[in-house]
Amino acid sequence: MSDARAADRAAAERLIDVSRETWARLDALVAALDRWQAKTNLVAPNTLDEIWTRHVADSAQLVAPAPANPKRWVDIGSGGGFPGLVIAAMLAGRTAVHLVESNGKKAAFLREAARAMGVTVVVHAERAEKALAGLSADVVSARALAPLTALLGLAAPLLKTGAVGLFPKGREASTELTEAEKSWRFRASLHPSLTDEHARIVRVETFDGPAG
Ligand SMILES: C[S@@+](CC[C@H](N)C(=O)[O-])C[C@H]1O[C@@H](n2cnc3c(N)ncnc32)[C@H](O)[C@@H]1O
């Protein structure tokens with residue numbers, strides 16, 4: 001491990017408090033991502049030295065604002081496994097984690113990484129517009145997928161039937177909220193991010209559908 005990577009992992013250890021077994025699963029995720037990153041661009045190459053804080057810890061922090069003991073968690077646009085595979089590592093054996101990823105290569109990565117981590121996930125290798133029909137969940141998450149207005153439209157089938165939405169956003173979170181309120185009727189709260197003082201997590205508490 002490079003010095004930069006080791007320092008970043010140590011920084012992540014100060015941010016997230018998980019069991020030794022969970023750390024082993026997260027190490028397996030990062031090792032799988034390193035193997036695949038050369039052939040499939042899973043995360044921005046300039047973030048690789050900071051993978052533990054920028055991606056792993058940033059994903060792990062979503063467990064705290066989630067409802068307790070969720071039975072099913074659906075992550076949309078999981079890409080290189082953030083946050084979905086990190087959630088699967090943390091809630092292994094307790095929560096059914098579904099990962100929706102329309103890119104076939106990335107979906108193949110998600111399946112292989114889950115195997116290497118020793119966690120069970122359901123990978124839907126298709127667009128969320130199709131995959132979510134008929135699904136229900138306690139939590140729906142999506143990171144770096146779309147502006148909040150579009151995200152609420154994609155996640156609507158789950159939000160409408162009672163899922164809590166957890167959407168990490170950057171410094172524009174409150175602007176995105178104001179914009180989304182023009183299109184949708186919902187109640188949401190903003191939570192601070194552990195990894196970026198300017199970022200916020202949007203927690204959608206209730207969702208009633210289109211505005212107006
Ligand atoms: C910018 S990446 C973010 C990946 C990951 N969530 C992260 O934070 O690193 C967005 C991902 O969403 C996937 N995606 C885009 N539109 C989608 C859709 N409608 N349904 C499912 N996946 C989608 C893309 O293939 C891509 O892997």
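Author: The answers below go from the overall fold to single residues.

Reader: What kind of model is this, and how are the residues numbered?
Author: This is a predicted model, in which local features need pLDDT of at least 70 and side-chain atom pairs count only at pLDDT 80 or more, while totals for chains, interfaces and linings use all residues. Residues are numbered from 1 along each chain as its sequence is written.

Reader: How many helices and strands does the protein have?
Author: The protein has 8 helices and 7 strands. Helices (H or I, at least four residues) and strands (E, at least two) are DSSP runs, numbered from the N terminus.

Reader: And how compact is the protein?
Author: The protein is as compact as a globular protein of 212 residues, because its radius of gyration is 16 Å, close to the 17 Å from the globule rule. That radius is taken over C-alpha atoms, and the rule is 2.2 Å times the number of residues to the power 0.38. Along the principal axes, the C-alpha atoms fill a box of roughly 55 × 35 × 30 Å.

Reader: What share of the residues is buried?
Author: Of the 212 residues, 44% count as buried. A residue is buried if 20 or more other C-beta atoms lie within 10 Å of its own, exposed if 12 or fewer, and partly exposed in between, with C-beta atoms placed from the backbone.

Reader: Which residues have the most contacts inside the largest nonpolar core?
Author: They are L29, L85, V86, A89, A113, V140 and A155, in a core of 63 residues. Helix α7 (residues 148-159) gives the largest share of this core, 7 residues. A nonpolar core here is a set of buried Ala, Val, Leu, Ile, Met, Phe, Trp, Tyr and Cys residues joined through C-beta atoms within 7 Å.

Reader: What does L29 touch?
Author: Not counting residues up to four places away in sequence, L29 touches G81, L85, A89, A113 and M117. Two residues are in contact if their C-beta atoms, placed from the backbone, lie within 7 Å.

Reader: Changing topic, which residues does UniProt list for "binding site"?
Author: The unreviewed UniProt entry lists G77, F82, A128, E129 and R143. UniProt positions are given in the numbering used here, feature names are shortened, and annotations may be inferred rather than shown by experiment.

Reader: Which residues come nearest to the ligand?
Author: Of the 18 residues around the ligand, G77, G79, N103, A128 and R143 come nearest. A residue is near a molecule or strand if its C-beta atom, placed from the backbone, lies within 6 Å of it.

Reader: How does that shell divide by residue type?
Author: The shell around the ligand has 7 nonpolar, 6 polar and 5 charged residues. Ala, Val, Leu, Ile, Met, Phe, Trp, Tyr, Cys and Pro count as nonpolar, Asp, Glu, Lys and Arg as charged, and the others, Gly among them, as polar.

Reader: Is A128 buried or exposed?
Author: A128 counts as buried because 25 other C-beta atoms lie within 10 Å. A128 is in helix α6 (residues 128-131), and, residues up to four places away in sequence aside, it touches I76, V100 and L154.

Reader: Why does E129 count as exposed?
Author: E129 counts as exposed because it has 12 C-beta neighbours inside 10 Å. E129 also lies in helix α6.

Reader: Which peptide bond is cis?
Author: The bond from F82 to P83 is cis, with omega near 0°. P83 lies in the loop between β1 (72-76) and α4 (84-90). Most peptide bonds are trans, and most residues other than glycine have a negative phi.

Reader: What is the phi of N69, then, and of A144?
Author: N69 has a positive phi of about 50° although it is not a glycine, and the phi of A144 is near 55°. N69 is in the loop between α3 (51-60) and β1, and it counts as exposed, with 9 C-beta neighbours inside 10 Å. A144 is in the loop between β4 (139-142) and α7 and counts as partly exposed, with 14 such neighbours inside 10 Å.

Reader: One last point: which residues is R171 in contact with?
Author: Leaving aside neighbours within four places in sequence, R171 is in contact with H198 and A199. The C-alpha atoms of R171 and A199 are separated by 4.8 Å, although the two are 28 residues apart along the chain. R171 lies in the loop between β5 (164-169) and α8 (173-180).
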